[in-house]
Number of protein chains: 2
Amino acid sequence: MYIPTYQDMLEAHERIMPHIQRTPVRTSDFLNEITGADLFFKCENFQTPGAFKVRGASNAVFGLDDEQAKLGVATHSSGNHASCLSYAASRRGIPCNVVMPRTAPQAKKDTVARYGGVVTECDPSTTSREETFAKVQAATGGDFVHPYNDPRVIAGQGTCAREFIEQTDGLDIVMAPIGGGGMISGTCLTLSNQAPEVQIIAAEPEQADDAYRSFKAGYIIADDAPKTIADGLLVPLKNLTWHFVSKHVTDILTASEDEIIAAMKLTWKHLRIVMEASSAVPLATILKNKDRFAGKRVGIIITGGNVDLDVLPWLK
Amino acid sequence: MYIPTYQDMLEAHERIMPHIQRTPVRTSDFLNEITGADLFFKCENFQTPGAFKVRGASNAVFGLDDEQAKLGVATHSSGNHASCLSYAASRRGIPCNVVMPRTAPQAKKDTVARYGGVVTECDPSTTSREETFAKVQAATGGDFVHPYNDPRVIAGQGTCAREFIEQTDGLDIVMAPIGGGGMISGTCLTLSNQAPEVQIIAAEPEQADDAYRSFKAGYIIADDAPKTIADGLLVPLKNLTWHFVSKHVTDILTASEDEIIAAMKLTWKHLRIVMEASSAVPLATILKNKDRFAGKRVGIIITGGNVDLDVLPWLK
């Protein structure tokens with residue numbers, strides 16, 4: 001297991017800079033007022049393909065040597081990693097193959113296709129996904145880019161925290177939602193070197209709290225069929241992300257579905273941005289733990305903005 | 001009738017700079033692809049009180065001499081002007097009185113109150129509004145700041161186009177929705193001096209097309225009880241805004257309710273911003289007049305982002 005270094009993150013930033021947005025940081029008087037904290041929101045939902053995952057994906061794609069690049073990349077994902085990897089591959093002009101369950105929303109498949117990615121459908125089971133992916137990879141020779149348990153991906157995600165600290169002139173706490181732990185690991189990688197005084201707090205849905213339980217237990221525990229509105233956060237930690245989480249995360253806080261939905265709506269209303277439910281989990285945990293954050297400068301990474309506007313959770 | 005000058009706009013910008021945001025400009029590959037144009041969106045929905053009207057309101061408030069400032073400002077509005085004027089007055093620490101129909105949404109009244117504005121309710125008729133406003137003004141001595149037919153307000157709105165041209169390194173066309181014509185007039189004031197080669201195109205709902213009909217007729221025509229989802233655009237032109245519209249606007253284009261709603265949803269999805277239906281009218285007119293805009297660099301002013309998230313028009 002290769003653990004990415006601070007130097008890897010710096011090189012990643014140099015490599016991906018032409019292909020990503022230095023996303024803006026937004027604030028809201030109203031959200032500061034109701035939390036008693038100084039909140040800064042880094043809008044990764046404003047990346048061109050709509051999520052921070054374009055950072056790690058671009059680092060993997062543009063780090064390939066020319067020979068491997070000809071064969072392209074491959075992954076399995078039904079979420080933002082699939083569209084971000086396709087986007088990065090299209091910028092380099094190389095093939096991207098994605099295995100997706102046939103039950104994934106058509107909109108997700110369409111986005112991958114729009115960026116020139118090739119979707120191969122599998123049944124919605126781990127066995128089928130692994131079998132299908134093995135076939136696709138054997139046929140194409142594409143380099144496997146895991147959605148988060150990949151040192152290139154983690155180094156890429158770490159570039160977000162680097163920008164965030166520069167843009168805010170320092171923070172007391174940085175927060176992000178945690179699913180597989182790619183963004184949190186990248187944040188740990190960067191801040192443990194660049195600004196080790198900054199606390200890193202992960203936020204997780206109560207209904208998919210495997211990272212929280214792993215953190216408390218001291219070893220990886222996986223959820224049994226988690227179900228949450230924050231559908232970017234269903235996947236479990238893996239060895240590489242566990243390394244960073246167990247070593248550098250200060251705490252993991254959780255929030256209920258109703259709390260997440262309320263925080264999502266508040267952010268849409270007061271920051272006037274469209275973002276995913278997953279991105280609302282940090283604010284939801286701040287609102288229920290105000291004492292802990294009062295008076296602090298808190299940076300929150302808004303992880304993505306690919307939302308089905310026909311199904312808004314507060315209108316159900 | 002005092003016509004504000006380019007110098008007034010420059011002084012306004014200097015005066016209000018500490019009180020407004022230099023709002024970001026966003027772009028979308030996808031929206032460029034489907035229109036064939038290069039679109040730039042100036043996000044005035046990211047102003048702290050959520051609308052460009054904070055520019056004109058701040059210019060009026062911070063331009064008052066100390067004696068008048070003690071008595072504060074007053075207006076009648078049930079929209080963004082009311083909250084933006086209250087916001088500006090609160091920053092200067094002076095009174096703000098607002099007359100609103102008792103039928104206005106509670107959320108609008110609450111926003112004014114949150115910024116320290118005092119709401120006096122009237123019946124939803126012009127007679128009642130004028131009577132009530134006269135009483136409030138007599139009792140308070142507040143300086144009347146009209147939502148758009150005021151040279152200070154137009155000079156303030158003109159600061160937006162100044163930033164827009166700087167941020168984009170030049171545009172072929174600038175577009176904004178037109179209601180009373182405050183933003184369009186400010187845009188005319190600035191661009192006719194700073195960049196007279198830029199076309200100014202206003203966009204209006206078909207169902208409230210008084211500016212379009214006035215423009216074609218050559219004199220002000222008011223609508224008879226207009227009704228549109230773009231509720232920021234119901235008010236008629238007045239003498240001062242007519243001056244600018246008749247003199248400097250290249251054209252006025254209109255869009256149907258369905259076209260406005262479709263453009264609104266497209267913008268939320270692809271720019272990932274929350275904005276009002278009124279702000280979608282320009283894109284709606286571009287989508288139905290693609291030949292006219294193909295290959296052009298088009299700047300669109302996103303006028304506001306105060307939306308009732310419980311009532312989204314595409315979900316009705």
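1. A word on terms before we start: contact, or touching, means heavy atoms within 4.5 Å. With that in hand, A:Asn149 touches A:Lys238, A:Asn239, A:Leu240 and A:Thr241, leaving aside residues up to four places away in sequence. Please keep in mind that this is a predicted model, where local features need pLDDT of at least 70 and side-chain atom pairs count only at pLDDT 80 or more, while totals for chains, interfaces and linings use all residues. Residues are numbered from 1 along each chain as its sequence is written, chains are lettered from A and ligands numbered from 1 in the order in which they are written, and side-chain values use heavy atoms, with hydrogens and water left out.

2. Where does A:Asn149 sit? A:Asn149 is in the loop between β6 (143–144) and α8 (151–168) of chain A; helices (H or I, at least four residues) and strands (E, at least two) are DSSP runs, numbered from the N terminus. The C-alpha atoms of A:Asn149 and A:Thr241 are separated by 6.3 Å, although the two residues are 92 residues apart along the chain.

3. The side chain of A:Asn149 also has polar contacts to look at. A polar contact is a pair of N or O atoms within 3.5 Å; within protein, one must be able to donate a hydrogen and the other to accept it, and residues adjacent in sequence count only if both atoms are side-chain atoms. One partner is the side chain of A:Asn239, at 2.7 Å. The backbone nitrogen of A:Leu240 is reached by the A:Asn149 side chain at 3.0 Å.

4. Next, the salt bridges, each being a side-chain nitrogen of Lys or Arg within 4 Å of a carboxyl oxygen of Asp or Glu. A:Asp251 lies in strand β9 (residues 251–255) and A:Arg292 in helix α14 (residues 290–293) of chain A, so the pair ties together parts that are 41 residues apart in sequence.

5. Is A:Asp251 buried or exposed? Buried means under 20% relative accessible area, exposed over 50%, and partly exposed in between (1.4 Å probe, protein chains only). A:Asp251 has 12% relative accessibility and therefore counts as buried, whereas A:Arg292, at 32%, is partly exposed.

6. In chain B, B:Asp251 is placed in strand β9 (residues 251–255) and is buried, with 12% relative accessibility. Its side chain makes a polar contact with the side chain of B:Arg292 at 2.8 Å. Not counting residues up to four places away in sequence, B:Asp251 touches B:Ile200, B:Ile201, B:Ala202, B:Phe215, B:Lys216 and B:Arg292.

7. Arg152 is worth a look in both chains. A:Arg152 forms a salt bridge with A:Asp143 (2.7 Å, N to O), and A:Arg152 is partly exposed at 25% relative accessibility. In chain B, B:Arg152 forms a salt bridge with B:Asp150, with the closest N and O atoms 2.8 Å apart. B:Arg152 is partly exposed at 25%, while B:Asp150 is buried at 7%. Elsewhere, A:Lys42, A:Glu44, A:Arg55 and A:Glu163 are linked in a salt-bridge network.

8. Now for the interface: 26 residues of chain A are in contact with 26 residues of chain B. The area buried between the chains is about 2200 Å², with carbon and sulfur atoms giving 54% of it; buried area is the accessible area (1.4 Å probe) that two parts lose on being put together, summed over both. In chain A, A:Phe46, A:Arg272 and A:Leu309 lose the most area to chain B, together 33% of what that side buries.

9. How many salt bridges cross between chain A and chain B? The rule finds 4 across this interface. One salt bridge joins A:Asp310 to B:Lys265, whose closest N and O atoms are 2.8 Å apart. On the chain A side, α2 (29–35) and α12 (257–271) each supply at least two of the residues that touch chain B, and the largest share, 4 residues, comes from α12(A).

10. Finally, the symmetry. A rotation of 180° with 0.0 Å of shift along its axis superposes chain A on chain B (RMSD 0.0 Å), with copies superposed by least squares on the C-alpha atoms of residues with pLDDT of at least 70 in both. The two copies are thus related as by a two-fold rotation axis. Of the residues of chain A, A:Ile273 comes closest to that axis, at 2.2 Å (C-alpha). The same surface serves both copies, as 100% of the contact residues of chain A recur in chain B.
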